[in-house]
Amino acid sequence: MPTVNLLEYLNSRTLVDIDTYSAEASKEIGHFQDATGNQLEMQAEIVKPSRSAVLKRSLALATTIHPQFANLSLEELAVEVVGIELALEVVQNVYGNVHVMINPSYAYNTEAIVANAKRLHLICQIIDPDFDTSRLVTKIPTTWEGMQAARQLKQSGIKTLATTLFSMEQAILAGEAGCISISPFVHELKTETYKGYKDSNPILGVCVQAQQFYRQNSLPTRVKACVTLSIDELIMLAGVDALTIAPTVLKELAATERPQEELEGMSLFAKTAKATEAVSYPSYIDSESGYRVNFAAREGGKAQFKTAQAISLFCDARTAVELYVKSQLEDSSYTPITL
């Protein structure tokens, strides 16, 4: 029985994104469609000795432009600069976009999210005036407030991705808000941060349902599945719009072969699948109460819990990065630079 390389197989069925803030890792493995990062990856990356130059450069720039953002602490602004600096490095090794998450502590504040997204774009323009900011996608938690911010940001020409997504209610709201893509977390984020933690209810089905919903309603939003825990789950998702995969897993895929017939039989997105009958879903974009009631009821409250848990974990990582940056600011003096 003929075998195929798993990474080549996935590339033939879906777009493959790299999930890292490591320019070294993205360069080593090869070019992918998009790159994405978050506060957890920033926390791991910025403490590396090899990142000292990026950190020093970011702190100097933050010190210089801080008077423009008097409502922010210097360390909060510096973390945003660090995020853009890292993003501009990894974007050199992908064909498409780079994704940067807003401060997760703003997840329930529409006005703060809009301001944060616009600030990230401005910082990007300050660092590299020649960079095409249409390639910068802002990741926003899929809360009611977050999706109302995404709706406003679309009108300003800023692309958004709905993250920390665990339900069809969130997928519908994100599509109606104009997000260019969503990131369903197949498993709880805690499965990646706490060794041995198990999620008994992965949402592979939501990835399929959301993609069908967008197609049937002619919405341009695309599904970028993430937080998978096994090679088998990735194969099952072959055919989804995109898969966001960590560098270590990409290497494993590139080194593994399996019979093609076996792989085709595992996919939830069969190539020959017939068009399914359209499922009727309610509209949520102008119905806050309807959205909140249905989302809270989803899986007996589990989807709401998973979303809040993921936001909390990202907030913890963001706080850790700010504390580290603050310690570096206190230990050294940074002379403002000339822009």
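**Close-up views of a predicted model**

View 1. Leaving aside residues up to four places away in sequence, P259 touches M1, P2 and T3. The structure shown here and in the views that follow is a predicted model. P259 is found in strand 10, which covers residues 257-259. Although P259 and M1 are 258 residues apart along the chain, their C-alpha atoms are separated by 6.2 Å.

View 2. The barrel is formed by eight strands in the order 2-3-4-5-6-7-8-9, and their pairing is parallel. One of the pairings joins strand 8 (residues 222-225) to strand 9 (residues 242-245) in the parallel sense, over two bridges. Within this pairing, A225 has L243 in strand 9 as its bridge partner. Helix 6, made of residues 110-127, packs on the sheet, where it touches strand 4 (98-101) and strand 5 (136-141), and the direction of the helix makes about 155° with that of strand 5. Helix 10, made of residues 204-216, also packs on the sheet and touches strand 6 (160-165), strand 7 (181-184) and strand 8, with a direction that makes about 165° with that of strand 8.

View 3. A search of the whole structure finds 20 salt bridges, and one of them is formed where the side chains of R51 and E89 meet at 2.5 Å, taken from N to O. Because R51 lies in the loop between helix 3 (39-46) and helix 4 (52-65), while E89 lies in helix 5 (residues 74-90), the pair ties together parts that are 38 residues apart in sequence. R51 has 7% relative accessibility and therefore counts as buried. In a further salt bridge, the side chains of R119 and E80 meet at 2.7 Å, again from N to O. This pair ties together parts that are 39 residues apart in sequence, because R119 lies in helix 6 and E80 in helix 5. R119 counts as buried at 8% relative accessibility, and E80 counts as buried at 3%.

View 4. The side chains of R215 and D241 meet in a salt bridge with an N to O distance of 2.4 Å. Which parts of the chain does this pair link? R215 is in helix 10 and D241 is in the loop between helix 11 and strand 9, so that distant parts of the chain, 26 residues apart, are linked. With a relative accessible area of 40%, R215 is partly exposed, whereas D241, with a relative accessible area of 13%, is buried. Elsewhere, salt bridges that share partners join E45, K48, R51, R57, E85 and E89 into one network.

Key. Residues numbered from 1 in each chain as written. Predicted model: local features only at pLDDT ≥ 70, side-chain atom pairs only at ≥ 80, totals over all residues. Heavy atoms only, no water. Pairing = 2+ DSSP bridges. Helix = DSSP H or I, 4+ residues; strand = E, 2+ residues; numbered from the N terminus. Contact = heavy atoms within 4.5 Å. Axes fitted to C-alpha atoms, helices over the stretch in contact; angles between N-to-C directions. Salt bridge = Lys/Arg side-chain N within 4 Å of Asp/Glu carboxyl O. Buried < 20%, exposed > 50% of the residue type's maximum accessible area, 1.4 Å probe, protein only.
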